[in-house]
Amino acid sequence: MAPVPEDEYLLLVNREHPIGRGNAPEDLTELSGTRADGRPTQTMRKCAAMALNAMFLELDRLGYLDRTSPDGLTFSVTSGYRSYEYQASLFETYKSQYMAGGMTEEQAIARVSRTTARPGESEHQTGLCVDMHDRLCATTEFEHSPVFAWLSENAWKFGFILRYPKGKEEITGYSYEPWHYRYVGRFHAERIHRAGLCLEEYVS
Ligand SMILES: [Zn+2]
């Protein structure tokens with residue numbers, strides 16, 4: 001059996017590099033850290049999911065997870081893999097809301113595109129990224145959380161990088177997202193972390 005190349009998980013997906021509609025991972029695995037608020041158990045590709053589950057075990061051991069929090073607002077996963085169809089329905093929902101507010105279809109599409117990826121352009125369709133935080137909604141306020149400080153120093157050890165860092169907005173095409181982490185495997189995560197690069201810079 002041939003060894004798996006280290007860059008199997010380096011896949012780049014963004015507006016310029018969309019992922020095909022039929023590209024659905026076959027090894028989706030459940031994430032133990034899914035937020036316990038009734039949402040479906042989130043998934044990622046097997047290797048990424050096992051690494052993330054290991055990271056949550058470590059966070060739990062270190063006391064970062066408050067499982068007794070009555071509002072369920074402990075640090076947890078809010079979104080993992082999303083299918084093309086799910087992203088399409090998400091985009092449509094937001095678009096109709098803006099159109100109901102008086103925008104033309106063109107205006108609504110432009111407005112939604114600022115914050116929501118079009119179907120086929122979301123990294124969430126790869127099954128290699130995850131949104132996780134300890135807030136009600138994903139906001140940059142999460143960067144003040146002790147868990148974020150820990151992630152900034154340790155996520156790479158589990159193969160994860162912060163995908164849309166502060167100061168790299170022009171290159172990634174996305175606003176700073178302290179909650180969105182991407183699995184690239186430990187080999188590349190260490191190099192990306194040490195060099196202070198974003199994925200676009202690293203793969204080019
Ligand atoms: Zn995300």
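Reader: Is R186 buried, exposed or partly exposed?
Author: In this predicted model, R186 is partly exposed, because 16 other C-beta atoms lie within 10 Å, and a residue counts as buried at 20 or more and as exposed at 12 or fewer.

Reader: And which helix is R186 in?
Author: R186 belongs to helix 6, which covers residues 186-195.

Reader: How far apart are R186 and F160 in space?
Author: Their C-alpha atoms are 7.3 Å apart, although R186 and F160 are separated by 26 residues in sequence.

Reader: What holds paired strands together in general?
Author: Strands of a sheet pair through backbone hydrogen bonds, in either a parallel or an antiparallel way.

Reader: Going along the sheet, how many bridges pair strand 3 and strand 4?
Author: There are three bridges between strand 3 and strand 4, in the antiparallel sense, and in one pairing S76 has H133 in strand 4 as its bridge partner.

Reader: What about strand 4 and strand 6, how many bridges do they have?
Author: Strand 4, residues 129-133, and strand 6, residues 180-183, are also paired in the antiparallel sense, over three bridges. Here V130 stands opposite Y181 of strand 6, while D131 has H180 in strand 6 as its bridge partner.

Reader: And which residue in strand 6 is the bridge partner of I161?
Author: For I161 the bridge partner in strand 6 is R182. Strand 5 and strand 6 pair in the antiparallel sense over three bridges.

Reader: How many of the five residues of strand 4 are buried?
Author: Four of the five are buried, so strand 4 is described as mostly covered, a residue being buried if 20 or more other C-beta atoms lie within 10 Å of its own.

Reader: I also noticed a tryptophan. Where is W179 found?
Author: W179 sits in the loop between helix 5, residues 169-172, and strand 6.

Reader: Is W179 buried or exposed?
Author: W179 is buried, because 26 other C-beta atoms lie within 10 Å.

Reader: Which residues is W179 in contact with, leaving aside its neighbours within four places in sequence?
Author: With those neighbours left aside, W179 is in contact with D131, M132, H133, A138 and F142. As for spacing, the C-alpha atoms of W179 and K168 are separated by 15 Å, and the two residues are 11 residues apart along the chain.

Reader: Changing topic to the helices, at what angle do helix 2 and helix 3 pack?
Author: Helix 2, residues 84-100, packs against helix 3, residues 105-113, at an angle of about 125 degrees, and their axes are 9 Å apart. That angle makes helix 2 oblique to helix 3, and the crossing of the two helices is right-handed.

Reader: Which residues in helix 2 and helix 3 meet?
Author: From helix 2 there are F91, Y94, K95, Y98 and M99, and they meet E105, A108, I109, R111 and V112 in helix 3. The residues of this contact between helix 2 and helix 3 divide into seven nonpolar, no polar and three charged.

Reader: Last topic, then: which helix is C47 found in?
Author: C47 is found in helix 1, which runs over residues 46-61, and D60 lies in helix 1 as well.

Reader: How many other C-beta atoms lie within 10 Å of C47, and how many for D60?
Author: C47 has 18 other C-beta atoms within 10 Å and is therefore partly exposed, and D60, with 16 within 10 Å, is partly exposed too.

Terms used:
Residues are numbered from 1 along each chain as its sequence is written. This is a predicted model: local features need pLDDT of at least 70, side-chain atom pairs count only at pLDDT 80 or more; totals for chains, interfaces and linings use all residues. Two strands pair if DSSP finds at least two bridges between them. Axes are lines fitted to C-alpha atoms, for helices over the stretch in contact, and angles run from 0 to 180 degrees between N-to-C directions. Angles under 35 degrees count as roughly parallel, over 145 as roughly antiparallel, 65 to 115 as roughly perpendicular and the rest as oblique. A crossing is left-handed if the near helix is turned anticlockwise from the far one by less than a right angle, and right-handed if clockwise. Two residues are in contact if their C-beta atoms, placed from the backbone, lie within 7 Å. Ala, Val, Leu, Ile, Met, Phe, Trp, Tyr, Cys and Pro count as nonpolar, Asp, Glu, Lys and Arg as charged, and the others, Gly among them, as polar.
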